[in-house]
Amino acid sequence: MASKFKGVDFYDLDSLFSDEERMIRDTIRGWVDERVLPIIEEAYIGRYFPRELATEMGELGMLGANLPEEYGCAGLNNVSYGLIMQELERGDSGIRSFASVQGALVMYPIHAFGSDEQKETWLPALASGKKIGCFGLTEPDFGSNPGGMITTARKTDGGWLLNGSKFWITNGSMADVAIVWAQTGELGDTKGIRGFVVPTDTPGFTATDQKGKLSLLASDTSELHLEDVEVPESALLPGAKGLKAPLMCLTQARYGIAWGAVGAAMACYVEALEYAGERIMFDGPIAGKQIQQIRLAEMVTGITQGQLMAYHLGRMKDEGTMTPQQVSMAKRANVDMACEVAREARRLLGGNGILVEYSAMRHMANLESVYTYEGTHDIHGLILGQAVTGLAAY
Amino acid sequence: MNIIVCVKRVPDTETRIRVGGDGTSIDPSGVKYVLSPYDEFAVEAALRLKEARGEGEVTVVSLGDDASQETLRTALAMGADRAVLLQGEVTPDGLATARGLAAEIGESDPPLVLLGVKAADDDGQQVGPMLATLLGRPCATAVSSFEVTDESVVCRSEVEGGTRVLELPLPAVVTITKGEYEPRYASLKGIMAAKRKPLEKKEAQTGPSRLRVKAVELPPERTAGRIVGEGPDAVPELVRLLREEANAL
């Protein structure tokens with residue numbers, strides 16, 4: 001089934017993708033047309049994540065798609081994985097966020113740091129979408145500075161006792177399993193931070209919906225509370241030692257965001273371009289007006305730059321040469337670009353631009369979260385600042 | 001039960017067609033090509049039959065140039081087991097195409113051959129029945145659903161005001177139209193697996209083509225409308241124009 005969405009390809013990037021990569025992108029594109037776009041307005045206004053999509057995403061192989069086939073994953077390369085994120089976020093950032101968290105923040109740490117038993121127990125179930133996961137790192141007072149976390153894990157006879165709270169947790173309320181990061185040593189000791197695989201039905205674990213959001217409305221954002229949550233020794237992720245482990249997870253997720261933001265921008269640009277061609281004001285379509293042409297020119301330029309950056313980042317990741325600082329640059333630049341494109345698209349659409357039947361304002365509001373989560377725009381700026389000067393400013 | 005599905009590479013139905021410089025073909029630049037949607041129904045039907053019976057092999061066959069490999073890979077990604085590309089010129093002559101397919105299919109002689117009712121580009125509807133004739137098999141056309149027993153295939157077609165049910169002894173040829181067989185999405189694992197499935201290339205034995213395309217033309221551009229007046233006063237003129245110019249009344 002061919003998608004009605006033709007994408008944006010001003011620089012013929014299509015010729016750089018393999019047949020399989022294009023086929024994967026087009027498959028997800030068609031799925032988003034058929035399964036996401038018809039329901040996303042209702043989910044957004046109704047403030048819920050369309051749960052049935054999780055299972056379908058699993059059946060098609062979208063969850064943890066770049067992890068190996070032996071655990072039920074699709075075993076794709078990172079460019080293909082990026083294209084999936086791009087197409088999902090063309091639908092909605094909330095839908096892409098779900099897939100990012102499940103794949104990069106739950107399945108990835110279990111695969112990278114988990115025991116064989118943890119991998120066998122959780123990866124196939126998470127890949128299929130039958131089980132849902134969330135990632136608990138951020139706390140009410142520790143966002144950009146996760147090393148200061150005050151959630152603790154204290155050794156007991158047969159395992160660990162967890163106490164603390166986690167905020168802004170995507171998938172939190174619907175999750176079957178949480179990857180919880182906690183301090184096992186002195187507060188502030190980044191080497192003491194360890195990860196735990198915690199089933200959400202463990203006594204003392206509660207999740208509540210984050211109220212009052214004005215962004216990512218089709219996504220589950222929750223608070224987690226852990227009150228004397230007892231887990232066995234086997235819940236500890238054996239390979240995750242210190243703050244570096246959760247930061248490695250974030251690099252995976254940020255990589256996907258660098259692609260996803262391009263998808264959201266493409267949706268807004270194409271919508272604006274079509275609208276400009278049809279909307280007659282004064283003596284002709286507004287597409288013929290200088291001000292809208294400049295808007296559209298800026299948008300397509302930004303998108304093309306973002307595509308090139310994401311593409312090369314993906315090829316470097318597949319070659320194993322990608323650095324976290326390069327991911328920071330792409331996450332930061334592409335999300336910023338997408339925010340601009342969404343805002344300008346909304347403005348081009350005039351009064352219609354504030355309606356949910358057009359996607360620009362939904363994307364615009366969503367992207368403010370994307371700008372803020374997984375390392376804020378400013379923090380990524382400081383990571384880049386440190387990379388080029390050698391001086392840490394945070 | 002082994003099944004062969006014949007598929008064709010066609011321009012995406014969403015593509016805006018431009019006439020090529022020679023005036024007898026479409027300009028391929030910027031055109032996206034897809035597995036013809038009717039053939040997609042046929043592939044889906046074959047896969048469902050194989051899954052329901054728990055045995056058999058689905059082979060997809062296409063006649064065309066090397067670019068048709070992509071179309072075959074699409075069918076392999078959906079779940080077909082192997083593919084054969086008959087390398088040759090795609091002609092408007094349904095009989096030439098049918099001869100090429102018959103030469104290939106006659107060798108393996110599977111009990112069931114499926115095709116889309118027509119190719120989405122030329123709407124020919126010839127290849128299925130002609131292939132059946134060349135193979136000496138019965139043929140049901142425009143079938144929206146079917147069931148298979150060991151000896152026969154029972155086919156349902158939507159006809160004016162109702163349904164017609166035909167029973168054909170196997171081996172048979174069936175052409176599929178929109179109905180039961182909404183095609184599945186190729187899973188990402190399926191797309192990766194398609195790379196590793198066998199795709200055999202052979203020279204097509206089509207024989208001479210007796211049809212040639214003389215011209216390809218776009219429909220005339222619509223002229224601008226005109227306003228004949230406003231309110232009740234305009235009605236008599238509007239009715240006159242609808243009757244005399246538009247022949248709509």
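Me: A helix here is a DSSP run of H or I with at least four residues, and helices are numbered from the N terminus. In which helix of chain A does Gln292(A) lie?

Reply: This is a predicted model. The helix that holds Gln292(A) spans residues 290-319 of chain A. By its number, that helix is α7.

Me: Is Gln292(A) buried or exposed?

Reply: The cut-off for buried is under 20% relative accessible area. Gln292(A) has 10% relative accessibility, so Gln292(A) counts as buried.

Me: Leaving out residues up to four places away in sequence, which residues does Gln292(A) touch?

Reply: Contact requires heavy atoms within 4.5 Å. With residues up to four places away set aside, Gln292(A) touches Ile286(A) and Leu348(A).

Me: How many Å apart in space are Gln292(A) and Gly314(A), C-alpha to C-alpha?

Reply: In sequence, Gln292(A) and Gly314(A) are 22 residues apart. From C-alpha to C-alpha, their separation in space is 33 Å.

Me: Is Gln86(A) buried or exposed?

Reply: Gln86(A) sits in helix α3 of chain A, residues 78-91. Beyond its neighbours within four places in sequence, Gln86(A) has contacts that include Arg25(A), Arg29(A), Trp259(A) and Met266(A). Gly260(A), Val262(A) and Gly263(A) are also in contact with Gln86(A). The relative accessibility of Gln86(A) is 6%, so Gln86(A) is classed as buried.

Me: How much area do chain A and chain B bury between them?

Reply: The size of an interface is often given as the accessible area lost when the parts come together. The contact involves 25 residues of chain A and 21 residues of chain B. Carbon and sulfur atoms carry 66% of the area buried between chain A and chain B, which is about 1900 Å².

Me: How far apart are the closest N and O atoms of the salt bridge between Glu69(A) and Arg196(B)?

Reply: Between chain A and chain B the count is three salt bridges. The cut-off for a salt bridge is within 4 Å. Glu69(A) and Arg196(B) form a salt bridge, and their closest N and O atoms are separated by 3.9 Å.

Me: Which element gives the largest share of the side of chain A that touches chain B?

Reply: Five residue pairs are in polar contact between chain A and chain B, both residues being at pLDDT 80 or more. On the side of chain A that touches chain B, α1 (19-46) and α2 (52-60) of chain A each supply at least two residues. The largest share of that side is nine residues, and it comes from α1(A).

Me: By class, how many charged residues has the side of chain A that touches chain B?

Reply: The side of chain A that touches chain B has 13 nonpolar and five polar residues. Its number of charged residues is seven.

Me: What angle lies between the planes of the aromatic pair Tyr108(A) and Phe113(A)?

Reply: Over all chains, the structure holds 10 aromatic pairs. One of the pairs joins Tyr108(A) and Phe113(A), edge-to-face and 6.2 Å centre to centre, with an angle between the planes of 80°.

Me: Are Tyr108(A) and Phe113(A) buried or exposed?

Reply: Tyr108(A) has a relative accessible area of 14%, so it is buried. For Phe113(A) the relative accessible area is 6%, so Phe113(A) too is buried.

Me: Why is the pair of Tyr275(A) and Tyr358(A) classed as it is?

Reply: A pair of aromatic rings is described by the distance of the centres and the angle of the planes. The cut-off in angle is over 60 degrees for edge-to-face. The ring centres of Tyr275(A) and Tyr358(A) are 5.7 Å apart and their planes stand at 90°, so the class is edge-to-face.

Me: How many residues apart in sequence are the parts that Tyr275(A) and Tyr358(A) tie together?

Reply: Tyr275(A) belongs to helix α6 (residues 244-278) of chain A. Tyr358(A) is in the loop between α8 (324-348) and α9 (360-372) of chain A, so the pair ties together parts whose separation in sequence is 83 residues.

Me: What is the phi of Asn171(A)?

Reply: Asn171(A) lies in the loop between β3 (159-170) and β4 (177-183) of chain A. Its relative accessible area is 1%, so Asn171(A) is buried. Asn171(A) is a residue other than glycine with a positive phi, near 70°.

Me: Is the peptide bond from Leu170(B) to Pro171(B) cis or trans?

Reply: Pro171(B) is placed in the loop between β10 (162-169) and β11 (172-176) of chain B. Omega of the peptide bond from Leu170(B) to Pro171(B) is near 0°, and the bond is cis.

How values were computed: Residues numbered from 1 in each chain as written. Chains lettered and ligands numbered in written order. Predicted model: local features only at pLDDT ≥ 70, side-chain atom pairs only at ≥ 80, totals over all residues. Heavy atoms only, no water. Buried area = accessible area lost by both parts, 1.4 Å probe. Salt bridge = Lys/Arg side-chain N within 4 Å of Asp/Glu carboxyl O. Polar contact = N/O pair within 3.5 Å; in protein donor to acceptor, adjacent residues only side chain to side chain. Nonpolar A, V, L, I, M, F, W, Y, C, P; charged D, E, K, R; others polar. Buried < 20%, exposed > 50% of the residue type's maximum accessible area, 1.4 Å probe, protein only. Phe/Tyr/Trp six-rings, centres within 6.5 Å; stacked < 30°, edge-to-face > 60°.
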